[in-house]
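This report describes a single protein chain for a reader who works with computed models.

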Amino acid sequence: MQRPLLDNIAWHSLSDCQARFAVGTGAARRYAPGFSPIAGFADAERPDFDALAPFCTAGEPLYCMDWSGAAPAGWQVTLDSTMFRMVWQGGMPAADEALAVTRLGPEHAAQALELAALTRPGPFGPRTLELGEYFGCFEDGRLLAMAGERMQAGSLHEISGVCTHPELQGRGIARRLMAMLVRRQLQRAETPFLHVMRDNAHAHRLYLQMGFEDDRETVVRVVVLNGA
């Protein structure tokens, strides 16, 4: 377990492995517009929003984690909740040769955005598919389930964007996609982890059953820069 990286995973992702996808300074960084709207801070408990502001647009929702307290001057908090950070502790999932998947690329961005807007798996943008390997299941040309990778620091690799269209829910497709990703990450000597909102009890139970374990419960907030 790479504890220092995991405890401030957004910052370490944005300032190291995924710096090419980020904008910001030595104190505050965010994924560039078009990617998942997530920010990270060198000091997660005392975030420097003044350093972040030049890289944000007024009214744009931005996800932050690991801090609490009053909203900084010029910003407002529009969501204040918690989520579980979970780390894989299970064995190697078996190969699933029967699962028909497609590697998602820029040509699938519109369908991925539509599915994310319908199912709300977390912050997602038109270029999120570029952050890692994303795979989807199609039926009659429609993307009906997907899962992929988002933040990465050291050997830690986040599984994210897990969602299934309501028409296919209950068939275990998302679970199979996640197991495939876990298998691929373990084969690369990576440590899979993920985030799940506290009120998403069904998904939380599923991830525990799969082999993830709770690492910690952390604050997650959406902040918006006020207009001039």
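For the classes used below, Ala, Val, Leu, Ile, Met, Phe, Trp, Tyr, Cys and Pro count as nonpolar, Asp, Glu, Lys and Arg as charged, and the others, Gly among them, as polar. By that scheme, the lining of the second largest pocket holds seven nonpolar, one polar and five charged residues. The model is predicted: local features need pLDDT of at least 70, side-chain atom pairs count only at pLDDT 80 or more, and totals for chains, interfaces and linings use all residues. Residues are numbered from 1 along each chain as its sequence is written, and side-chain values use heavy atoms, with hydrogens and water left out.

**Pocket.** A pocket is an open set of points on a 1 Å grid over the protein atoms alone, where a 1.4 Å probe fits, with protein on both sides within 12 Å along at least five of seven lines; lining residues have an atom within 4 Å of a point. Of its 13 lining residues, Ala94, Ala95, Asp96, Met180 and Arg183 lie nearest the centre.

**Overall form.** The chain contains six helices and eleven strands, taken as DSSP runs (H or I, at least four residues, for helices; E, at least two, for strands) and numbered from the N terminus. The C-alpha trace spans about 55 × 35 × 30 Å along its principal axes. The radius of gyration, taken over C-alpha atoms, is 17 Å, which agrees with the value near 17 Å for a compact globule of 228 residues (the rule is 2.2 Å times the number of residues to the power 0.38).

Three strands form an open sheet in the order 1-2-3 with antiparallel pairing, where pairing requires at least two DSSP bridges between two strands. Strand 1 (22–24) and strand 3 (39–41) are the edges; each has a single partner strand, so one side of each lacks a neighbour in the sheet. Neighbouring strands are turned by 25° against each other on average, direction ignored. Gly24 stands opposite Arg29 in strand 2. Helix 2 (residues 9–17) lies across strand 1, strand 2 and strand 3 and runs at about 80° to strand 2; axes are lines fitted to C-alpha atoms, for helices over the stretch in contact (heavy atoms within 4.5 Å), and angles run from 0 to 180 degrees between N-to-C directions.

The table lists bridge counts.

| Strands | Bridges |
|---|---|
| Strand 1 and strand 2 (residues 28–31) | Three bridges |
| Strand 4 (residues 61–65) and strand 11 (residues 212–225) | Five bridges |
| Strand 5 (residues 75–88) and strand 11 | 13 bridges |

In strand 11, Arg221 is the bridge partner of Cys64, and Glu213 stands opposite Val87.
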